[in-house]
Amino acid sequence: LAQACEMAEECGVSEETECCRMLQEFHDIGYIIWIDTPSTRQLVALDVQWMMDQMNALMCHRSSTEKQRRSRSQRRLWSELAKGRLSPRMLPEVWPELTDDERHGMLAYMMRFGLLCPLAEQRWQGEDQP
């Protein structure tokens with residue numbers, strides 16, 4: 001969000017509220033992906049295909065199998081991922097090019113879109129990680 005607001009400022013949009021209104025308009029017409037909720041607002045996807053590629057890296061069996069082959073650790077966690085159970089410890093291997101904040105933003109978007117959900121035992125413990 002901070003980078004998007006910087007870009008907007010270069011174009012003459014200096015107030016954060018104006019920037020957010022502009023981002024919402026661009027999201028509404030499908031030009032970008034940005035949802036203004038506490039868990040998703042910091043991640044602005046100016047390239048919709050990038051967002052789809054990141055989701056694909058986690059959801060695609062072929063992609064995760066390839067990453068598992070290259071991985072030298074976390075064998076049990078890769079097996080769990082193949083069964084549909086994602087450990088937060090896997091995120092750096094699934095999305096090595098993303099920062100921790102970007103990874104959590106991606107998870108929040110995927111939960112928002114109904115692609116992931118927290119496990120029952122995590123909800124009981126008050127965790128919101130899938």
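Predicted model: local features only at pLDDT ≥ 70, side-chain atom pairs only at ≥ 80, totals over all residues.
Residues are numbered from 1 along each chain as its sequence is written, and side-chain values use heavy atoms, with hydrogens and water left out.

Now to the overall picture. The chain has 8 helices and 0 strands, where helices (H or I, at least four residues) and strands (E, at least two) are DSSP runs numbered from the N terminus. Its C-alpha atoms fill a box of roughly 50 × 35 × 25 Å, taken along the principal axes. Of the 130 residues, 37% count as buried, and here buried means under 20% relative accessible area, exposed means over 50%, and partly exposed is in between, with a 1.4 Å probe and protein chains only. If we take the contacts between residues at least 6 apart in sequence, 37% of them join residues at least 24 apart.

Let me turn to the interior. In soluble globular proteins, nonpolar side chains tend to be buried together. A nonpolar core, as used here, is a set of buried Ala, Val, Leu, Ile, Met, Phe, Trp, Tyr and Cys residues joined through side-chain atoms within 4.5 Å. The largest one in this model has 32 residues, and those with the most contacts inside it are Leu23, Trp34, Met51, Leu58, Trp95 and Tyr109. Helices 1 (2-10), 2 (16-28), 3 (48-59), 5 (75-82), 6 (91-94) and 7 (100-112) each supply at least two residues of this core.

Phenylalanine 113 is placed in the loop between helix 7 and helix 8 (120-124), and at 38% relative accessibility it counts as partly exposed.

What about the charged side chains? A search of the whole structure finds 6 salt bridges, a salt bridge being a side-chain nitrogen of Lys or Arg within 4 Å of a carboxyl oxygen of Asp or Glu. Glu16, Asp36 and Arg41 are linked in a network of such bridges. In one of its pairs, glutamate 16 with arginine 41, the closest N and O atoms are 3.5 Å apart; this pair links distant parts of the chain, with glutamate 16 in helix 2 and arginine 41 in the loop between helix 2 and helix 3, 25 residues apart. For aspartate 36 with arginine 41, the closest N and O atoms are 2.6 Å apart. Glutamate 16 is partly exposed at 45% relative accessibility, and aspartate 36 is partly exposed too, at 41%.

Finally, is arginine 103 buried or exposed? Arginine 103 is buried, with a relative accessible area of 9%, and its place is in helix 7. Its side chain meets that of aspartate 100 in a salt bridge of 2.7 Å, N to O, and these two residues both lie in helix 7, 3 residues apart, about one turn of the helix. Arginine 103 also touches Leu91, Pro92, Trp95, Pro96 and Leu98, leaving out residues up to four places away in sequence.

Key
Contact = heavy atoms within 4.5 Å.
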